[in-house]
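Please explain how charged side chains pair with one another in the model shown here.

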Amino acid sequence: MRIVLCTGDHWSSTLVYQAIRDLGVTHVIMEDGPTPTHVDTWKGLLTQSYIRFLTPMMRRFSRERIKELQSRYAFCDDLIPEQRIARVVSLQDKKAEHTIRHLQPDVIIMYEAAEMNERFLQEMNCPILTITPSMAVGQRHAYWGFHTHTSRKEVQLCQWTKKGWTPLASEVIYTGGTDNFSTFPYIYLATSLPMLQKHLQIGPQEDTERRQKVQA
C-alpha cells in the first residue's frame, strides 16, 4: 500500500509521519510553511496572536507535562527523511497535483495542510483521509473551542466523498487541569493517531474487497 502524507511545515507533522511510516508511507508532500489561518473578527485575530506569541513561553512552563505525554504515548520525533519529502508552495498548486498523480497513491492523508482543490479531490479514485477536531477548522483553534463547548470535545477521522468530508470514526479527547494550547497537540495526536492507524490497517483491505466483489 502506497500512502502519501500531505502536510504543512508544522512541528507535529514528524510525529504523524513516524506513527504511520511503517504502514506504507512512501512520500510526504509538504507545504513551505504552516497553513495560514484567515480570521474575520477582532476576537479571532487576538486569539491567533495570543497563541503565536505565547506558545514558546507556555512550552517552557509545561516542559514536565510535555515530557510526561511524550513518554506515556511513545511519540517519535525523528526527522522525516529528506528524500521522502516533496516540497510545494501550496497543496493547491499544479505542482502538488502533478506530484500526487505521479505517485499513484493507494491512500492520501491530509494533516494540518491547506484544503486541496475540490475538483482534484473528486478526480482521485483512492481514499482521502484527514484527522480533524469536531468543531474547529484546525488543531490550532480546537483547544479554545473545546473549552467553550466541552460536551463536543472530540477528534474525528474523516474521508472525502462526493458530499464532502464524511466522519468515519471519532474519539473523545481528555485534557488535564494543567493542560494548555502547548500541550494540546500531544493529547490531540495521542487520541487521533491510534484511530488513524487502525483504519489504515483494516479500512483499505475492506475497500479492496468491496471493489473485487463489484468487479466479480
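A salt bridge is counted where a side-chain nitrogen of Lys or Arg lies within 4 Å of a carboxyl oxygen of Asp or Glu. By this criterion, the predicted model contains 10 salt bridges.

One of them pairs Glu123 with Arg119, whose closest N and O atoms are 3.5 Å apart. Both residues belong to helix 5 (residues 118-123), where a spacing of 4 residues corresponds to about one turn of the helix. Glu123 is partly exposed, at 45% relative accessibility, and Arg119 is likewise partly exposed, with a relative accessible area of 34%.

Elsewhere, salt bridges with shared partners link Arg65, Glu68, Arg72 and Asp179 into one network. Within this group, the side chains of Arg72 and Glu68 meet at 2.4 Å, N to O. The two residues are 4 residues apart in helix 3 (residues 63-73), again about one turn of the helix. Arg72 has a relative accessible area of 49% and is partly exposed; Glu68, at 36% relative accessibility, is also partly exposed.

A further pair connects separate parts of the sequence. Arg2 forms a salt bridge with Asp106, with 3.9 Å between the closest N and O atoms. Because Arg2 lies in the segment before strand 1 (3-7) and Asp106 in the loop between helix 4 (94-103) and strand 4 (107-111), this pair ties together parts that are 104 residues apart in sequence. Arg2 is partly exposed, with a relative accessible area of 36%, and Asp106 is partly exposed as well, at 32%.

Definitions and conventions. Residues are numbered from 1 along each chain as its sequence is written. This is a predicted model: local features need pLDDT of at least 70, side-chain atom pairs count only at pLDDT 80 or more; totals for chains, interfaces and linings use all residues. Side-chain values use heavy atoms; hydrogens and water are left out. Buried means under 20% relative accessible area, exposed over 50%, partly exposed in between (1.4 Å probe, protein chains only).
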